[in-house]
Amino acid sequence: MTSAPTILRPRPHLSRADGVVFGGIAVVLLANLTGLVFHGDGFNPIVERWLAVLSVWAAVVLVWLAVNRVRLTRPDIILAAAAVTALAVGDTAHRLLPDDGAGATPSLADSGYLLFYVFMVGVLAVIARRSLRTRAWPALVNSALGALGATSVFAVLLSPAIETALGSPFSVPVFVSVAFPVLDLLLIAALGGIAAIPGRVLGRSGLMLAVGLLLVATADTAYARQVQGDSVFIGSALDGARAIGFALITAWVFASARRRDLPERTAMATVADGTAFTASSVTAPMAATTAGLAVLLLASQAHVSLLAVGLAGGTLALAAIPLAFRQRHLHSLSRIDELTGLPNRRALAMDVSTRLSAVDARPSALLVLDLDRFKEVNDSLGHEAGDLLLEQIGARLSGALQSGDLLARLGGDEFAVHLHHADRKRATAMARRLRLVTARPLVIDGLSLEIGLSIGIAMAPEHGSDLSGLMRKADMAMYAAKSSRVGQHVYSPGDDSNDKARLRTLHELRIALAEKQLVLHYQPKVHLPTGTVPGVEALVRWNHPTRGLLYPAAFLDVAENGGLMRSLTREVLELALDQAVLWQAQGRTVTVAVNLSSRSLADYQLAGVVTTMLAERGLPGSALMLEVTEEFLLVDRDRARNILLRLRNAGVLIAVDDFGTGYSSLAYLRDLPIDELKLDQSFVIPMLDDARASALVASSIHLGHSLGMRIVAEGVETAEVLDQLARFDCDVAQGYHLSRPIPAAELERWLDARTALPVGLRAVR
């Protein structure tokens, strides 16, 4: 099976030409509405004739530009453009040809208005047909219920006009007077039916169409009642409602033409019998039934037309048919994940338990899938982007599976797959396939994202014969895959102890953060030309109460996978800045550098937190340097620029750590506010014995200087390497030859000892 296609949703930016057209129409509409409000009593030809005509023909230009954009491929857009044109013709005839209409045939104005309704009903019919094409019969019932319920309410309002017209001898004026309220009813019926279809049929922009048509229909209904002597609105208010409704319809046409014809983002799920379910499959029929009951209650207390009573009765009759079936709908909804439309954890538990307990059960596999770095997407782009990412990932995973395989969303960014009749070979092959289909870039909010997948595999009955046991072991295997960064892992007995150790470490780390068990060691950075120490790098250590001093490798991965990285980063920043305050009080001008992971940098609150910490301590921004990775700078350069510029505006210095080990692109050096490049020790350590490594160091130093950046060499372990760096004009050196990372008190003694030495000796000590 081929993987599901990526759903691309371009960002809705207007071009300059689009903006000019929209702006012009907005000005015309605003002038028209302003005139309607302030023109006073009596007929005003400028407002009620020329401005009105100008506004409708400006809209005609806009909708036919939209038709040109879709190049006759969208019948709904073409019909809508024809409707707008028909209304413009009718309105122009009505306002500029006041005597039009004498004779046996409908007037040009009436013809234009009638055609507007016909074309708009056609638009809604196209939309409804496109949406119902793949729906099952319950969706059709819901649509019919919505149509009947909405129409019964409007039939009550239009009863006087319809009854009066039907009671008169037939003539063209009588035909026209009946046609308008009947077309109003058809319009409302179509809107009500579409509203009851499961899923977001019209989309976000469809709200403009719905509101616009409702305003037009309401204004026409009010006019019809005025004809019967029941003054509801003054004329200018009705004209204003029609003008706003017409503008909204026009805006919808143009917005729909700019939007790709995408599958609706919906909470729909399809179960075994092919029936579609959403929350609207319950709420829309309830609203329609309530409307029908209200009309019948009104009919028992006052005169209501037979048509309205018949429509209300039909609504209740239709609602009664699928009541039993609707209970099944509700049960099915409880098994569906609302966001992705996939089976949820409950459905997985029921279906897999049935499979495992079957008499003829054969070996199978349970895969637990977790997205890598999903939290960064949520933190940086927002939860809506995260939801869209999960939808697309769910579609890709579903498309990669074979018949009989079951995919479910467990919650958050976790999915599970049960492979029916699968051995270890098929399970590992499927895991590789799932990782491949999710590795292709996804476009979210205009950004291209690459999302990794960590998969844990448990085999049945080898690793267990019940779902809970398999789930626990697959979960342990998934964490083993994530921590080792191998992508996928089949459960082994050793994972039990590893999982217990990971959970114990995570629990103890939470306690460590609460009880302030983390400490910092500082490694000095020596300025080679002068031998001074302008800054130090802060490196976190865990002063564990029973295991002693732990280095970052023992707990950073646990913190990142366990959701503690944000708290840990803020604790390290507080410790580093508190120490900077003490050094400042001692008269030491030292910049403290703190390493930040990509996940920490994805925290949109980071810049604000850092500036607040500096302000609370009375420190200048230059007291802090943040060391970031090339990976973060290259994955999302626009966002990196925004974050780094906010930090730079606060005076905070920025360094690129492990420079040269990331991607090949160096464009970020030109675009981003970077103060310092730190050459990775993998180039520095072998530079005396490797001519290429030496050339890379020398060229990197030259490159950094040409861009106005300071160069720091990490991993300086011998005096010979230090001398070579000095000959290359490297600015700063850092490494064990100068000093290991040491506690603050020991560093102060080291600094005091250096200040007593001559400058020449300081540079090499």
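The model is predicted. The chain comprises 29 helices and 18 strands. Of its 765 residues, 50% count as buried. Among contacts in the chain with a separation of 6 or more, 72% are between residues 24 or more positions apart.

**Salt bridges**

- Side chains of opposite charge can pair when their charged atoms come close.
- The count of salt bridges in this model comes to 15.
- One of them joins the side chains of Lys482 and Asp372, with N to O at 2.6 Å. This pair links distant parts of the chain, 110 residues apart: Lys482 belongs to helix H16 (residues 467-484), and Asp372 to the loop between strand S3 (364-371) and helix H13 (374-381).
- Lys482 has a relative accessible area of 13% and is buried, because buried means under 20%. Asp372, with a relative accessible area of 21%, is partly exposed.
- Another salt bridge is formed by the side chains of Glu676 and Lys525 (2.9 Å, N to O). Glu676 is in strand S16 (residues 676-679) and Lys525 is in strand S10 (residues 518-527), so the pair ties together parts that are 151 residues apart in sequence. Both Glu676 and Lys525 are buried.
- Lys678 pairs with Glu714 in a salt bridge whose closest N and O atoms are 3.4 Å apart. Lys678 is in strand S16, while Glu714 is in the loop between strand S17 (710-713) and helix H27 (719-727), so this pair ties together parts that are 36 residues apart in sequence. Lys678 and Glu714 are buried.

**Aromatic pairs**

- A pair of aromatic rings is described by the distance of the centres and the angle of the planes.
- The model has three aromatic pairs.
- In one of them, the ring centres of Phe116 and Tyr117 are 5.5 Å apart and the planes are at 75 degrees, so the pair is edge-to-face. Phe116 is buried, at a relative accessible area of 1%, and Tyr117 is buried at 2%.
- Trp542 and Phe555 have ring centres 5.6 Å apart and planes at 85 degrees, so this pair is edge-to-face. Trp542 is in strand S11 (residues 535-544) and Phe555 is in the loop between strand S12 (548-550) and helix H18 (556-561), so the pair ties together parts that are 13 residues apart in sequence.
- Trp542 counts as buried, at 0% relative accessibility. Phe555 counts as buried at 0% relative accessibility.

- His418 is part of strand S5 (residues 414-419).
- Is His418 buried or exposed? With a relative accessible area of 1%, His418 is buried.
- The side chain of His418 makes a polar contact of 3.1 Å with the side chain of Ser364.
- Leaving out residues up to four places away in sequence, the residues that His418 touches include Val352, Arg355, Leu356, Ser364 and Asp405.

**Surface**

- The accessible surface of the chain is about 34800 Å², and 60% of this belongs to carbon and sulfur atoms.
- Trp50, Leu96, Leu97 and Leu108 make a nonpolar surface patch of about 380 Å².
- Within this patch, Leu97 is in the loop between helix H3 (75-96) and helix H4 (108-132). Leu97 counts as partly exposed, at 43% relative accessibility.

**Backbone details**

- Most residues other than glycine have a negative phi, and most peptide bonds are trans.
- The peptide bond from Ala460 to Pro461 is cis, with omega near 5 degrees. Pro461 is in the loop between strand S8 (453-460) and H16.
- His421 is not a glycine, yet has a positive phi of about 55 degrees. His421 is in the loop between S5 and helix H15 (424-439), and is partly exposed with a relative accessible area of 35%.
- Lys516 is not a glycine either, and has a positive phi of about 60 degrees. Lys516 is in the loop between helix H17 (494-514) and S10. With a relative accessible area of 52%, Lys516 is exposed.

Terms used:
Residues numbered from 1 in each chain as written. Predicted model: local features only at pLDDT ≥ 70, side-chain atom pairs only at ≥ 80, totals over all residues. Heavy atoms only, no water. Helix = DSSP H or I, 4+ residues; strand = E, 2+ residues; numbered from the N terminus. Buried < 20%, exposed > 50% of the residue type's maximum accessible area, 1.4 Å probe, protein only. Polar contact = N/O pair within 3.5 Å; in protein donor to acceptor, adjacent residues only side chain to side chain. Contact = heavy atoms within 4.5 Å. Phe/Tyr/Trp six-rings, centres within 6.5 Å; stacked < 30°, edge-to-face > 60°. Patch = residues over 30% accessible without salt bridge, like charges linked within 9 Å, V, L, I, M, F, W, Y side chains within 5 Å. Areas by Shrake-Rupley, 256 points an atom, 1.4 Å probe, with all protein chains shown as cover. Salt bridge = Lys/Arg side-chain N within 4 Å of Asp/Glu carboxyl O.
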